[in-house]
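Colleague: Before I rely on any of the labels in this model, I would like to go through them with you one by one and hear what stands behind each.

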Amino acid sequence: MAGSGLSRRRRWVALVAGGALLLTGAGIAASFVVKSPAQAAAEAKAPEEDVLTAPVEKRVLKDSVILRGTVVAGQSVDVTASGSGGTGTSGAVVTKVPKRVGTEIRAGQVLVEVSGRPVFALKGKVPVYRDLKPGATGDDVAQLQSALAGVGYATGSDARGTFGAGTRQALAAFYASIGYSPVSAESDAATVVQDAQDAVTAAERAWQDAKDARDKTPTDETRRAVDRAAQDLERARGRLTQAQTAAGPMLPASEVVYLSGFPARVDGVSAVLGSTVTGKVMTVSAGRLVVQGYLQEAQKGLVRAGQKAEVLQEQTGARTAAHVRAVADTPAAAQQASSDGTGQDAGSGDGQSAGGQGYLMVVEPDKALSVTSVGQDVRLTIEAGATKGAALVVPVTAVSAASDGGTVVTVVGAGGEQRRVEVTTGTTGDGYVEIKPVGGARLAEGDKVVTGVKSGAAGGR
């Protein structure tokens, strides 16, 4: 009886143990079937990509070249006055204080006085290469006539380009207006003119005497005497006119500086009152302000005349639209003009090294810059290229070469599948490139394209 009870207890323990084991197994099995919402959502996602992707964008793409530039005047002229009507620099002395740096210059104003003679500014572009005397002809004479008319002294009936009586009178009047006497064309002109005047006076008296004699005794002889006296008087008057023309005012090359436009500016002064003139006295500039920059070899092929540009004056934050006016064909030492008219190495920045070589580029602002900008270091942005309207663009790293020599991008689908699309490329800029699908291939804005492989992805596969 006791043995039977023990047996029943053992069977009961075994049943309990077996039931526990079954419950444990059921729990483990349920753990593979029953999932939390977060786990279910995570497992429903596509496998994580092992490549880097970027979306295809549709926008206007611009290719820009950025470099440093310096604001300079369209024309810069060194004033090197010899004084004394062009007799040479030996002994020439500054006898009146020059205009100060930054002074605005108007046409006809005196810039400096050297050895008692003025140096003034007139409007013109033809370089000064000779003294202009009465009787001279040429484009430089025509320029003088226009410049004198521009400051209020017309040259009368003189033919354009001929230094005649009207030009003499206008030049003499101009000199008088600035407080100086003009220089005579001939050194002994006064004596020659006086002798010619005396000859005219004598001829006039002889002619009058002959007329009186004829009136008293009207004979053939007295009539011939009057005719001869009249001829002598006409010749004497002609010689006087010639002497006066030769003695008329001249324009010494040393006394005029021609500038392309006004108002102009004094950029630098290198002489003081009482100093001996040994070279340039001052530097003046005129014309519309432009910006000069130097392109490096890799940049030159991207920039050409007519392209749009922008000038950023970083001191004020002002941005001015501009355009490229010219690009040099050959490289030169990179120099920039300073406010005192001297040259110095171009500053570094944006890939341009100081004192290096470069291709000179001139950028002209569409709106005039303030004269206070002369000498400023600015930032230039040149629009080297742009797509025609919005275009499909991708990062440059998304484009690769196919085995057949074509150009392709790899598109990644929603499920991670990949397909290669052959494309042609266009404008590049800011790390992007314009692409166009070849042969009607499917490629649209928002598609993902492969740009690289994630770090460690290759080793984990």
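Colleague: Which residue in the turn of the hairpin formed by β7 and β8 has a positive phi?

Modeller: Bearing in mind that this is a predicted model, the residue is S115, whose phi is about 50°, and the hairpin has two residues between β7 and β8.

Colleague: How do you know that β7 and β8 pair, and in which sense?

Modeller: Two strands pair if DSSP finds at least two bridges between them, and β7 and β8 have four bridges, in the antiparallel sense. Within that pairing V112 stands opposite V119 in β8, and the bridge partner of E113 in β8 is P118.

Colleague: What does β5 contribute, and how many bridges does it share with β7?

Modeller: Strand β5 (residues 94-96) pairs with β7 in the antiparallel sense over two bridges, and the cut-off for pairing is at least two. Here the bridge partner of K96 in β7 is E113. Together these strands belong to an open sheet of four, in the order β5-β7-β8-β11, whose pairing is mixed. The edge strands are β5 and β11 (256-259), each of which pairs on one side only, and the twist averages 35° from one strand to the next.

Colleague: Why is β7 called largely enclosed?

Modeller: Buried means under 20% relative accessible area, and five of the five residues of β7 (residues 110-114) are buried, so the strand is largely enclosed by the rest of the structure.

Colleague: What makes F120 and Y175 an edge-to-face pair?

Modeller: Four aromatic pairs are counted. In the pair of F120 and Y175 the ring centres are 5.6 Å apart and the planes stand at 85°; since ring centres must lie within 6.5 Å and planes over 60 degrees apart count as edge-to-face, the pair is edge-to-face. F120 lies in strand β8 (residues 117-123) and Y175 in helix α4 (residues 165-177), so the pair ties together parts that are 55 residues apart in sequence. Both F120 and Y175 are buried.

Colleague: How are Y153 and F174 arranged, and where does each lie?

Modeller: Y153 and F174 also form an edge-to-face pair, with 6.3 Å from centre to centre and 70° between the planes.

Colleague: Why are α3 and α4 described as oblique to each other?

Modeller: Their axes are 10 Å apart and the helices pack at an angle of about 50°. Angles under 35 degrees count as roughly parallel and those from 65 to 115 as roughly perpendicular, and α3 and α4 are therefore oblique to each other. The crossing in which α3 passes α4 is left-handed.

Colleague: What makes you say that the charged ends of R59 and K300 sit over rings?

Modeller: The charge has to be within 6 Å of the ring centre and within 35 degrees of the ring normal. The charged end of R59 is 4.7 Å from the centre of the ring of Y432 and sits over that ring, while the charged end of K300 sits over the ring of Y359, 5.3 Å from its centre.

Colleague: Which strands pair with β16, and over how many bridges?

Modeller: Strand β15 (residues 308-313) pairs with β16 (residues 318-327) in the antiparallel sense over six bridges, and A309 has A322 as its bridge partner in β16. These two strands form a hairpin with four residues between them, where G317 in the turn has a positive phi of about 80°. Five bridges join β16 to strand β20 (residues 357-365), again antiparallel, and the bridge partner of A326 in β20 is V362.

Definitions and conventions
Residues numbered from 1 in each chain as written. Predicted model: local features only at pLDDT ≥ 70, side-chain atom pairs only at ≥ 80, totals over all residues. Heavy atoms only, no water. Phe/Tyr/Trp six-rings, centres within 6.5 Å; stacked < 30°, edge-to-face > 60°. Buried < 20%, exposed > 50% of the residue type's maximum accessible area, 1.4 Å probe, protein only. Axes fitted to C-alpha atoms, helices over the stretch in contact; angles between N-to-C directions. Parallel < 35°, antiparallel > 145°, perpendicular 65-115°, else oblique. Left-handed = near helix turned anticlockwise from the far one by under 90°.
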